[in-house]
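Let's take a walk through this structure together, with an eye on its charged side chains. Have the viewer ready and follow along.

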Amino acid sequence: ESDRLINPVFREFYSERDVVYEERRMRTESTPLGKYDEAFNALFWQASPYKWPVVGWPSDVSSITKAEADAYFGTYYAPNNLTGVLVGDFTAATVRPLLEKYFGRIPRGKTEPPEVVTTEPAQIGEKRYRAEAETSPTVRVWYHAVPFMHKDRTVVDLVTDVLSGRTGRLYKGLVTGRQVANEASASVDLKKYDGLIQVESTVKEGKDPAAVEQAIYEELEKLEDEPLPAEELQKIKNQAKANAFRRLSSPFSIAIQLMIYDGFGDWRYINTYAEEVDRVTAADIQRAAKQYFTKENRTVGV
């Protein structure tokens, strides 16, 4: 969608800009939680550019000029800001002349993309967001974590694996155990400059969201108070490595991973992930839970 906003090949810029706004409305404002997701994300990030929607806010879409769009396109959609990946049965000596022939003739951008200078400060107090929407009651808890290149990247990944899935602690604790929720999951989103741990649960009909929120904290506190049993740790390690192996099943999947990892800072993670998983200990899991699952570090949405 962002290409429609910044691509200078559209001659009827202002009519195309209207299309961008309509697409934004369809993707964000016409879904039950779309605009709430945007608002919650903007609350979670205090200073980081990650608080901005990809296409921008409605006022951005309606006020951008053709010259500004062209300048943006010239800066960011240039070969010097490009990552290309080839996957398959070939030799570099055969492919390199073709790359130079077809891509080498494209001039680099006149303006280098600026460095990101504003990073997220440590959160010093809990943030809360409460809204009403046409959807099932939902409790969302986000914690600030680490950027992709941090030493804890695989540790926090496994922390969320402990919590997720039908055999994970959140589902067993909230859905089948206390029976206050219909769904409960956790995930990690490690970006180039920062990262977060996301916990979300759909409240069971007739149950209080406050009870679901409290149940989430109780499950997280168990990770802080008690080391993960060896059998449970090995189970999540086996699952993580098996999923990584499945992601190598097609050239397209490999290409996507390489591009993402390179954009985040290290394409070699596709080769080292399994080794990093094996090195994680129960003490690492417990330490990370204590470090990141603090009240001051969370933003809560109901």
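What share of the contacts in the protein with a separation of 6 or more comes from residues 24 or more positions apart? The answer is 76%, where a contact means heavy atoms within 4.5 Å. Before going further, please keep in mind that this is a predicted model, in which local features need pLDDT of at least 70, side-chain atom pairs count only at pLDDT 80 or more, and totals for chains, interfaces and linings use all residues. Residues are numbered from 1 along each chain as its sequence is written, and side-chain values use heavy atoms, with hydrogens and water left out.

Now for the overall picture. The protein has 13 helices and five strands; these are DSSP runs numbered from the N terminus, with helices being H or I of at least four residues and strands E of at least two. Its C-alpha trace spans about 60 × 50 × 35 Å along the principal axes. Of the 302 residues, 37% count as buried (buried is under 20% relative accessible area, exposed over 50%, partly exposed in between, with a 1.4 Å probe and protein chains only).

Let's turn to the charges. Side chains of opposite charge can pair when their charged atoms come close. The model holds 18 salt bridges, each defined as a side-chain nitrogen of Lys or Arg within 4 Å of a carboxyl oxygen of Asp or Glu.

The side chains of Arg178 and Glu218 form a salt bridge of 2.9 Å, N to O. This pair connects distant parts of the chain, 40 residues apart: Arg178 is in the loop between α8 (169-177) and β3 (181-190), and Glu218 is in helix α9 (residues 209-225). Arg178 is partly exposed at 29%, and Glu218 is partly exposed at 29%.

Finally, find Glu126, Arg128, Glu213 and Arg298, which are joined in a network of salt bridges.
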